[in-house]
Each structure stands twice: as structure tokens, then as C-alpha cells.
Amino acid sequence: MIFASLLIFVSYAMLILYFYRGIERLKSPVNDNKDPEASFSILVPFRNEALNLPALLQSITELDYPAHKFELILINDDSSDESVSIVSTFREEHPKLKIIQADLIKQSNSPKKEAINYGVALASHPWILTTDADCIVPQSWLKTFDLMIRQEPVHMVVAPVAYAPGPGFLHNFQALDFLSLQGITMGSFGMNDKGLGQPFLCNGANLCYQKESFTKVNGFRGNEHLASGDDVFLLEKMNRAFPGKIKFLKSKAAIVLTSSKDSLRGLLRQRVRWAAKITGFDSVFAKLVGLLVFVTNLLVIVTIILGVLGQMSWAHVGLLYLVKFNIDFIFLHRTSQFFEQQDVMKSYFISSLLYPFYTILIVSLSFKKAYTWKERVLR
């Protein structure tokens, strides 16, 4: 048992070092001070986002990019609050911006994918850029994407997302969890650039792709039955169709900020939604990574139980825990440096104790046939 556990923990450590190395390998685009060339259709599906839309819309008005080279397409997904009124007022107050307001009529088990499909059909620019209604985009957002597009032959560009600063342990716990996902995303792209890996994660809150490429891979066809995954499933299809042409935009100027959940219930619902889509992955590598992470966290709990029962010495339990504790710390600290969120590391010790139990809970809940999101029951 001790040898098998040590083997799994060492394998986990090697995996995390693999992603760490990938982050280091990633190159950032170099500013060439040339005039922007790319034009973008920014898609924002929304449902009952009256509290969040004003901040997003304000950040759109502050974009440092020629107004004729982008449009904003806001797709209402059956909102019952003041969201539609907020968007209508915004359009009236900013006549110089091209803003398209549309209502999604048909509803399916995957309303967000359907909203994006609708938005892509309305788009008049060659590049699609998606974000969420609860996000804030940086001023140089479009300029940074344009820089990447001009310097790399790409069909899709995956870009960084981070939680905006927030108070309390619950926020810090979520931020650390989110940093781990962003670090894995960056690391997998960094290793892929050297032909040593396969990217399998991205976030629809900051995702760019050619409209023509989206059409060529038939959009979300084939995974419409899954409520989530408007980002990762599209990434898989793009990877197959255009190998080597999917890149990560490693630039702090492109970081989109979103908000952490203000309750444990909200956090669990969100993470269950994210975890539920792993069954739809085609990537064997992605499934193996998920399995190793799950088994490692499960073993932390099992070894603690064995220690309490006297079936394993606490020295061995401590050794295994220290392997995971230290390798995760190194990885998260490096990721937090890129996102300039080193302050959340102050909650790392307690978070590392809770995380294995949290992981097992999320995975267990994700096996339910349905979950609630945005006041809807989805499957």
C-alpha cells in the first residue's frame, strides 16, 4: 500500500512539474506598435445578469481599439430581471458603438451553446471573441488579440481568466482552485508548442476563434446534449481540425476578470457544472489527467484514515502529504505570479487540507443526472 501510494504521488508530482515546465515554455507576443488589423465580433450570452452587465459594458466602452473594427452582440437567454432594459439603455447611450441585441427564442439542454451559435450567425467580422456577462475586460484586450493573430498563424486563441480581488477565505480558496485550472491550461499549451503535449482546457470567458473555422468544424455539433462545454469541446474539435494552430495568449494585458461565488452553494453548483463535462472529453490525455488528480486527492483522504486506524504510520502519511503539498505550492505560486495574485497564497495551507475532500465531493455530485444553473435544471 505504501509503495503503491508513493508511486501515485510521485506520478502526480511529475505531472504537475510537466505543467510547470509548460508555463515556462510559453512565449508572449511582442508589441510591434503597428496599426491593428483584425476585426472582432464580441459575443456575450446573458441570463439574469442585471447586477453584472453594467461593469462589463463599461469596460467595453473603454477598449483601446478602433470602433469600426469590432461589434458587440448581446444575446438574451430568457432573462426575467432588468438585464434587457440595461442593454437597451446602453445601446441608446453609445450610438457610435455597433451593438446588436438579440433574443434567444429556442431553448435546449445547452442554451449557452445555442446562444453562441445564434451570435456567430449574426456576426459580421471574421474573428469571434466570447466572454461572459459577469466579466470585466481589460483596455488592451482587442489590441493584444490582434497582436497575437498577426504574429501567429492561428485558428483559435485561448486567453487567461482570473478572479477579481475579493475578501475572505472562501474567495481565496476559489482563487487558488481557479489558478490551478489556469496553470494547467497554460502548461498544456506550453508543452504542446514543443510537441510534447495536448491542450485540453480553455475558458469561454476569454476565447477567440475564426468564424470560418467554427463553421468548418460544425460548431458544437456532436455535443449539444451536454449543457456545458461550449469552450473545451470546441477546443477539441479545433485541435483535431487545425493541429498546431491553437495557441495560448500569455499576456497580462489580455486577462479577463470574473467574480468568485459568494456562497459555498454557488461554488459547488458552478464546479459541478464544470466537472460534469469531463465525461464528454474525447482526449485520453485529459481523462488520464483528471483520473490521476482524483486518485491522488482520494489517497490523501485514505491515508489519513489509515493513519487514524493505525494501519499506516503517521511518518508515511506525512511524507505523502508533503510531496503533494510542496509540489502544489510551487505550481500555484508560479501561476499566481503571472496573474499577480500572490496574496491568495496566504490561504494555501488550510486550502490544501480541505481540497482533497472538496475534490471528492465535486466529483461525486457531478455523477448526478441533472444540476441547477441559472434557475434551470440542466442535464
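A residue is called buried here when its relative accessible area is under 20%, exposed when that area is over 50%, and partly exposed in between, with a 1.4 Å probe and only protein chains counted. Helices (H or I, at least four residues) and strands (E, at least two) are DSSP runs, numbered from the N terminus. The model is predicted, so local features need pLDDT of at least 70 and side-chain atom pairs count only at pLDDT 80 or more, while totals for chains, interfaces and linings use all residues. Residues are numbered from 1 along each chain as its sequence is written, and side-chain values use heavy atoms, with hydrogens and water left out.

The protein chain contains 12 helices and 12 strands. Its radius of gyration, taken over C-alpha atoms, is 21 Å, close to the 21 Å that the globule rule (2.2 Å times the number of residues to the power 0.38) gives for 379 residues, so the chain is as compact as a globular protein of that length. The C-alpha trace spans about 70 × 45 × 40 Å along its principal axes. Of the 379 residues, 54% are buried.

Strands of a sheet pair through backbone hydrogen bonds, either parallel or antiparallel. In this model two strands count as paired if DSSP finds at least two bridges between them. Strand E1 (residues 40–46) runs parallel to E4 and is joined to it by 4 bridges, with Leu 129 in E4 as the bridge partner of Ile 42. E4 also pairs with strand E8 (residues 207–210), in the antiparallel sense and over 4 bridges; here Ile 128 has Tyr 209 in E8 as its bridge partner.

Another sheet is open and consists of 3 strands in the order E5-E10-E7, with mixed pairing. Its edge strands are E5 (135–136) and E7 (161–163), each of which pairs on one side only. E7 and strand E10 (residues 256–258) run parallel and are joined by 3 bridges, and Ala 162 stands opposite Leu 257 in E10.

The cysteines may be considered next. A disulfide is a covalent bond between the sulfur atoms of two cysteines. With the cut-off set at a pair of cysteine sulfur atoms within 2.5 Å, the structure holds 0 disulfides. The closest cysteine sulfur to that of Cys 135 is in Cys 202, 14 Å away, which is too far for a bond. For Cys 208 the closest is again in Cys 202, at 12 Å, also too far for a bond. Cys 135 is buried, at 1% relative accessibility, and Cys 208 is likewise buried, at 0%.

Charged side chains provide further contacts. A salt bridge is defined as a side-chain nitrogen of Lys or Arg within 4 Å of a carboxyl oxygen of Asp or Glu, and the count by this rule is 12. In one of them, Arg 334 meets Glu 24 at 2.3 Å, N to O. This pair links distant parts of the chain, since Arg 334 belongs to helix H11 and Glu 24 to helix H1 (residues 2–25), 310 residues apart. Arg 334 is buried, at 15% relative accessibility, whereas Glu 24 is partly exposed, at 32%. Asp 78 and Arg 47 form another salt bridge, at 3.9 Å, N to O. Asp 78 lies in the loop between strand E2 (70–76) and helix H3 (83–93), and Arg 47 in the loop between E1 and helix H2 (53–61), so the pair ties together parts that are 31 residues apart in sequence. By contrast, Glu 212 and Lys 216, whose side chains meet at 3.6 Å, N to O, both lie in helix H7, 4 residues apart, about one turn of the helix. Salt bridges also link Asp 32, Asp 146 and Arg 150 in a network.

Asn 218 is in the loop between helix H7 (211–216) and helix H8 (232–241), and Glu 340 is in the loop between helix H11 (314–339) and H12.
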